Amino acid sequence: MIQINENFPKLSDSYLFSEIAKKVNRYKEANPERNIISLGIGDVTQPLAPAVVAAMHKAVEEMGEASTMRGYAPESGYLFLKEAIIRNDFHQRGISLDVDEIFVSDGAKSDTGNIGDVLDAGNTVAITDPVYPVYLDTNAMAGRAGDCHNGRWSRIEYLPAVPENGFIPRIPDRKVDMIYLCYPNNPTGTTLTREQLKHWVDYALENKSLILFDAAYEAFITQEDIPHSIYEIEGATQVAIEFRSFSKTAGFTGVRCGYTVVPKALKAFDKTGKEYALNALWNRRQSTKFNGTAYIVQRAAEAVYSPEGKKQIRQTIDYYMENARIIKEGLNALGYTSYGGVNAPYIWVQTPAGISSWEFFDKLLNEYQIVCTPGVGFGASGEGFVRMTAFGTRDNTIEAIQRMGR
Ligand code: MLT
């Protein structure tokens, strides 16, 4: 008899964003004449940068010629892209990494989910609350989260990030093996200073813990002194894996490309205490289960780092951050309290007193035809909030705020 992975039935019926999409589709079917504005899932609306499109065209032409076509890509990525990544994302910030510490992939969602393959199911896991649901769900699938009672997983250490603590999660008072940090944060849009991030690195060094650092939104940082990479902190290459994505930085949500940094200095242990380089384990995992990101896509990603690419991408990021400003200031003028939106494309909005996240979601959908993401979908500490994204078009962003003011 075939048996299932019994961790799956412990999960909620559907992934957060699938559940929201279903609700919105039901509303659309019942109200086909209504014009819905989505400030829900963080999906981009602006076209790819011309430099990226040109690079893709060129790569397509190459693939159509016998002398320049490419077959399987190297599993960890082409050297041309890895060198561009190292030079632009790290060396320019004074961080020294080697090309074989970079693993190009089809995006940070897959990598943050798959990384658990090389880690023991018995490891204890800490997540901030609210949190990007992929970290929690994938650990639940692997059996690392325990059992779920009333929305709380028995083996997870929850680290609330709420207005009362300035959205700064506390350092656990017990030893935790794996810690997920996402900064700039999805969903709250808040950041950690270098000093605050250093506390985590110090904790991990002291406890031989692993930090899984998701920096998918680093390109949206506007304030000086906010770290863009965890490797800006001394000692971090010994304790942290960093995930990066071109999805939001360069509008690649439909193109799919990201990368993961697994430093060679980063060690983990078996039950006897024997040391292993996670870089070698991840390489083994990727070369077995992944056949590389498409050549055309990697050429597109390389173009993100060209002089024109950088300029064009900056313009798009500035466009989205102007949307963030419009949402934030618009909501504040309407009397809402909101957080984030300054170093991240997400605005974390407090619902009016006494209204739950899902009630407010329904209200915005039914009364104003605006889609947001209910905060409680990201965890219990997200109750009483909704998340709005700045990735809409300018017209829709302005229109959404006007509708809420009516
Ligand atoms: C989000 O809305 O949180 C993101 O778009 C989801 C993702 O990147 O997978």
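Five bridges join β14 (346–350) to β17 (385–389), and the two strands run antiparallel. Strands (E, at least two residues) and helices (H or I, at least four) are DSSP runs, numbered from the N terminus. The model is predicted: local features need pLDDT of at least 70, side-chain atom pairs count only at pLDDT 80 or more, and totals for chains, interfaces and linings use all residues. Residues are numbered from 1 along each chain as its sequence is written, and side-chain values use heavy atoms, without hydrogens and water.

**The sheet**

- Four strands form an open sheet in the order β13-β14-β17-β16, with antiparallel pairing. Two strands pair if DSSP finds at least two bridges between them.
- β13 and β16 (373–374) are the edge strands, each with a single partner, so one side of each has no neighbour in the sheet.
- W348 has R387 in β17 as its bridge partner.

**Two domains**

- The domain assignment gives domain 1 (13–47 + 308–405) and domain 2 (54–305). Such bounds come from an automatic or database assignment.
- Their C-alpha centres lie 25 Å apart.
- The contact (heavy atoms within 4.5 Å) takes 29 residues from domain 1 and 39 residues from domain 2.

**The interface**

- Interface size is often given as the accessible area lost when the parts come together.
- Domain 1 and domain 2 bury about 2600 Å² between them, 61% of it on carbon and sulfur atoms. Buried area is the accessible area (1.4 Å probe) that two parts lose on being put together, summed over both.
- On the domain 1 side, Y15, N343 and F378 lose the most area to domain 2, together 26% of what that side buries.
- A salt bridge is a side-chain nitrogen of Lys or Arg within 4 Å of a carboxyl oxygen of Asp or Glu.
- There are 13 residue pairs in polar contact between the domains, both residues at pLDDT 80 or more. A polar contact is a pair of N or O atoms within 3.5 Å; within protein, one must be able to donate a hydrogen and the other to accept it, and residues adjacent in sequence count only if both atoms are side-chain atoms.
- α9 (307–333), β13 (338–340), β14 and β17 each supply at least two residues of the domain 1 side. α9 gives the most, with seven residues.

**Salt bridges**

- The structure holds 25 salt bridges.
- In one of them, R285 meets D117 (3.0 Å, N to O).
- R285 lies in helix α7 (278–289) and D117 in the loop between α4 (108–114) and β3 (125–129), so the pair ties together parts 168 residues apart in sequence.
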